[in-house]
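Welcome, and thanks for taking a look at this one. Please open the viewer and follow along as we go through its aromatic side chains and core.

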Amino acid sequence: MSILDRVERARVVASSPEPLEAPGPTRATGGGFSILLPFGGVLFLWYTVVQDLNVASVVGLANAFICLRQIGRGIRSRDSGPITLTFWSFSLMWLCVAPLAQLDARQLPWPDSLMDEFYVEAQLLTTVALLSFAAGKFIARRRAAPVASDRGGDESKVEAGRGKSGYGRMWIPFAIGLILALPVLAVTGGVAGRFATRDDVGSAFAESGISAANGDTIQLFLLNRLPAAAALVAAYAASHYFFQYARQTGRDRGGPLIILVLGTSLVVLLANPFSSSRYIAFGAIAAILLAAVRIDSAKRRLIFTFLCVVGLLFVYPLATWFKRESVQSSPFRGFPDTFFTVDYDGYQQLVNSIYFVSENGYTFGKYVLSAGLFFVPRAIWEGKANPASIDVAHSRGYSFQNLSLPIWSEFYIDFGIIGVIAGLIAFGFISGRLDLAYYLRPLSTSAHMCVLVAACMFGFLRGPLGAQVIFMGSVATIGYMVYRTPDRDAARRNRVVER
């Protein structure tokens, strides 16, 4: 065994996982926190946000209680990683707190006729989705190998070898990003064009004859989503190499530092908030931060959750400044007025989705299947559906189409309440397995995929699937190419043994 092997092995074993929930006083204290947080949070929302208590707001408060309860449990439980904490933070602010404010003021983000008959149903749809995700997470937890440790039994540790998985394949996202950067710069007006507003970037594509309205989705994918996805993975891989492997092994940091600078430069060029969606830009930043710091303690999970909530309350609405010049010249609407902006239209689109189904019936997989098979070009699949938000907007007579659409809206449109339950259980199960790998097997392929998926979660949860799966799927595919591990090496580095 080489010196590098011994250093990396010592590092991983020294930081070997503790029980998923620590027994004794720590567990009791954490249990009190996870109870006080939801009750205190709901009382605070009732006192500060809800003035007119009705059935819809009562269900909304119950949804907030579910999210706060899961956040409290996630902070104290070591099997909750970046995906789970992001899901509950986003759901709390976007589909619990914001709807409570909108219902109380009877003011929805888009100027639209109020459809009171669907308000309670939309809230209950969120309730089912949240409980289904929690059920999927519970199943993943109970099927994990170290169940005994969760019950206060023996601890587990990770036995690892060199741990260089993926470092030799970092060239893949760098190559994709650098190759595609040339045509991207040519189309969007050079380096300066990458720091104009997003509307200017869209106009540059249109002037070059590339438009989604004309069916140029392949060109847009190659010159927009794929370069940004490659930049995100490159920045994560370079950051992980610099902050984790190079630092722990004591190797010369000149080379890793150059790689880190190159990776972050790709993000600045191809995934900055001027030329890319807010979710892409902030997802790239999140990937770099998660590569530098593992959220493997209660304190770090608390800080991570706090940053998610603050980001949704303030940073996310402020980032509309990058979109167009008219926004840059208008004053920022502070809290709680920000809940009445189109940045928080998720609840309204839940209502619109229920209306869409009442008028057109279920579509039996039309939108979910088209989103999942995003890589199939429309030239081959003539009946491939547009993102569901476009048809939902059309059914409401909207003149705009850039709507959000929470993921359980699409499951409901395609398969009804059964689709919501099945889809969110599956999503919760996959998220739970990835989060467990992040904690128990930090050098595994699944652990790296956990971070990359978490970095795309805000956009994915916002929807629509037909638009967001393209980016997340590209990130996941490139990330798997980098971090895929042969079975023999994975077993040698990541097998979990009980003391």
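Which residues form one aromatic cluster? In this predicted model, the members are Phe87, Trp88, Phe133, Trp408, Phe427 and Phe460.

## The nonpolar core

The largest nonpolar core holds 126 residues. The members that touch the most others are Phe87, Trp88, Leu92, Trp408, Leu424, Phe427 and Met457. In soluble globular proteins, nonpolar side chains tend to be buried together.

Setting aside neighbours within four places in sequence, Leu92 is in contact with Ala64, Cys67, Leu68, Ile71 and Val97.

## Aromatic pairs across the chain

The whole structure contains 17 aromatic pairs. One of them joins Phe118 and Tyr355: the ring centres are 6.4 Å apart and the planes meet at 70°, so the pair is edge-to-face. Phe118 lies in the loop between α4 (82-105) and α5 (119-143) and Tyr355 lies in helix α15 (residues 346-360), so this pair ties together parts 237 residues apart in sequence. Both Phe118 and Tyr355 are buried.

Tyr119 and Tyr347 make a tilted pair, with 6.0 Å from centre to centre and 50° between the planes. Here too the pair links distant parts of the chain, with Tyr119 in helix α5 and Tyr347 in helix α15, 228 residues apart. Tyr119 and Tyr347 are both buried.

## Charges over rings

Elsewhere, the charged end of Arg294 sits over the ring of Tyr438, at 4.4 Å from its centre.

Technical notes:
Residues numbered from 1 in each chain as written. Predicted model: local features only at pLDDT ≥ 70, side-chain atom pairs only at ≥ 80, totals over all residues. Heavy atoms only, no water. Core = buried A, V, L, I, M, F, W, Y, C linked by side-chain atoms within 4.5 Å. Buried < 20%, exposed > 50% of the residue type's maximum accessible area, 1.4 Å probe, protein only. Contact = heavy atoms within 4.5 Å. Phe/Tyr/Trp six-rings, centres within 6.5 Å; stacked < 30°, edge-to-face > 60°. Helix = DSSP H or I, 4+ residues; strand = E, 2+ residues; numbered from the N terminus. Lys NZ or Arg CZ within 6 Å of the ring centre and 35° of its normal.
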